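Visitor: Hi! Could you walk me through this one?
Guide: Happy to; here it is.

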Amino acid sequence: MAIFAPDFAGRPPTGYLPLDSSTADVRPRRSLRESEKRYRNLIHNLPWALVQVDSTAMLPIFDDLRCAGVSDITSYLAANPALMFHSRNVVRVTDANRQAVELFGADGANRLIAPVDYLFAASPDTAKRVIAAHFDRRRNHSEIMKLLTFDGRLRDVQLSVTYPTPPEPLDVTLLTFEDVTERLRTEAQLRQVREDYSRATRIATLGELTSSIAHEVNQPLSAITMNAETSLRWLSRTEPDLAKVRQLVDRIADSARLASQIVQRIRTMVAPQLPDPVALDLNAVVEEALLFVRHDIEMRAISLSTALNVGLPQVRGDCVQLQQVVVNLLVNSLQALAQAGTAEGRIDLASGTADDDVFFSVRDNGAGIAEEDLGRIFDSFFTTKPDGMGIGLAVCQAIITAHGGRMVASNHPAGGAVFRFTLPAARP
């Protein structure tokens, strides 16, 4: 006799297991019914929405495409969109559990027994990737997609597809949907709070650099004033020297552009924005960050040494955030030197490679970090400065961690503190 292995709705699938009567006697019908009941209860009480799909109609189509030499199904679907629409109508949902009924806002499982077209109404590109994974004979596919319910709600769901492989019944593909709408909304809110926190730190840091910023802006403005006055003197002559005036006007234009760039740099640092990861030259990030503190370094007669290795691999990150880290570390060193009252202050900057990472370090010859403070130097609201807020280094570490890197602090054997961060090199 033939004993069927039931699906979660209790129907016999296409494949079955032949057993002789002696084996069947060992497993009485009552035991099989109880097993089927436990299986159905398990599936229907899963915490995720689950639908069963019959995609066997696509198998002969896939075989024909492979015989025709098609290996890149994604490109083929882009050139032949009719196939995608055809597949969404011939592939059918054959069963659904209670959670699926609730997720879709349906009045019963029968409403979901239909072609899969409605599953991908809000995410047509997901359908392409699901087809591609099936064509490539992959076992699973997973992604986050948009789902439009029957009552008009748009939800974010984590889709997981499990494709059958022989000797499993080929008409049973399982799709699970986990509603992650609230989780993604909460994550977005946390990202916004983190960005607001980071922006507040940038503003606070720039506030500490007001004299440096004022000096940077004042330089081109002074040059504009001087060249404009000189131009007027040349024009007031009996025979104006127009060539000289033209040269001075060019200098005025150059100075105006420089002033505009300085203002734009400052505005970029304080403007609210979402992180924008791109391939970056870390040395260029450091050099631009130095522009913010250059005047303070010069005014305090601090010796600055830069050993930035040329030809570093690029890193992938947000330019403004990484500049914020470098500026914060430089300001931290300036403050450490001021606190220590070091007669000959020194800051050493270095960049290079370590294994597959790119590193940057800042060392000063101040008093260093107390041993009992090393373990909590990056903790939020921890500070050793009388007027410090204790958020700068915490934000720095959070930014580097978000970039897939690591930041450490230590004391140099020759004195002073060393802050070093590493970032993964960007892949070509």
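Visitor: Before we start, what kind of model is it, and how are residues numbered?
Guide: This is a predicted model, where local features need pLDDT of at least 70, side-chain atom pairs count only at pLDDT 80 or more, and totals for chains, interfaces and linings use all residues. Residues are numbered from 1 along each chain as its sequence is written, and side-chain values use heavy atoms, with hydrogens and water left out.

Visitor: How many helices and strands does the chain have?
Guide: There are 13 helices and 14 strands in the chain. Both are DSSP runs numbered from the N terminus: helices are H or I with at least four residues, strands are E with at least two.

Visitor: And how much of the chain is buried?
Guide: Of the 428 residues in the chain, 38% are buried. Buried means under 20% relative accessible area, exposed means over 50%, and partly exposed is in between, with a 1.4 Å probe and protein chains only.

Visitor: What share of the contacts join residues at least 24 apart?
Guide: Among contacts between residues at least 6 apart in sequence, the share is 68%. A contact means heavy atoms within 4.5 Å.

Visitor: Which residues are closest to the centre of the largest cavity?
Guide: S55, V91, V116, V130 and I131 are, out of the 17 residues that line the largest cavity.

Visitor: Which elements supply that lining?
Guide: α5 (81–90), α7 (124–135) and β7 (173–179) each give at least two residues, and α7 has the largest share, with four.

Visitor: Is the lining polar or nonpolar?
Guide: The lining has twelve nonpolar residues, four polar and one charged. Ala, Val, Leu, Ile, Met, Phe, Trp, Tyr, Cys and Pro count as nonpolar, Asp, Glu, Lys and Arg as charged, and the others, Gly among them, as polar.

Visitor: How do α5 and α7 sit relative to each other?
Guide: Their axes come within 10 Å and cross at roughly 85°, so α5 and α7 are roughly perpendicular. Axes are lines fitted to C-alpha atoms, for helices over the stretch in contact, and angles run from 0 to 180 degrees between N-to-C directions. Angles of 65 to 115 degrees count as roughly perpendicular, under 35 as roughly parallel, over 145 as roughly antiparallel, and the rest as oblique.

Visitor: Which residues make the contact?
Guide: M84, S87 and R88 of α5 meet P124, A127, K128 and I131 of α7.

Visitor: Is M84 buried or exposed?
Guide: M84 is buried, at 5% relative accessibility. Not counting residues up to four places away in sequence, M84 touches L77, P124, K128 and I131.

Visitor: What about α10 and α11?
Guide: The axes of α10 (residues 242–270) and α11 (residues 282–299) come within 12 Å and cross at roughly 100°, which makes α10 roughly perpendicular to α11. R265, I266 and M269 in α10 meet E288, L291 and F292 in α11.

Visitor: Where does V327 lie?
Guide: V327 is in helix α12 (residues 319–340) and is buried, with 1% relative accessibility. Beyond its neighbours within four places in sequence, V327 contacts T205, L209, A289 and F292.

Visitor: And Y163?
Guide: Y163 lies in the loop between β6 (154–162) and β7, and at 3% relative accessibility Y163 is buried. Leaving aside neighbours within four places in sequence, its contacts include V130, A133 and H134.

Visitor: Last one: what's up with phi at R137 and A301?
Guide: Most residues other than glycine have a negative phi. R137 has a positive phi near 60°, and A301 has a positive phi of about 55°. R137 is in the loop between α7 and β5 (140–148) and is exposed at 61% relative accessible area. A301 lies in the loop between α11 and β9 (303–308) and is exposed at 62% relative accessibility.

Note on methods:
1 Å grid on protein atoms, 1.4 Å probe; cavity = no way out; pocket = protein on both sides within 12 Å on 5 of 7 lines; lining within 4 Å.
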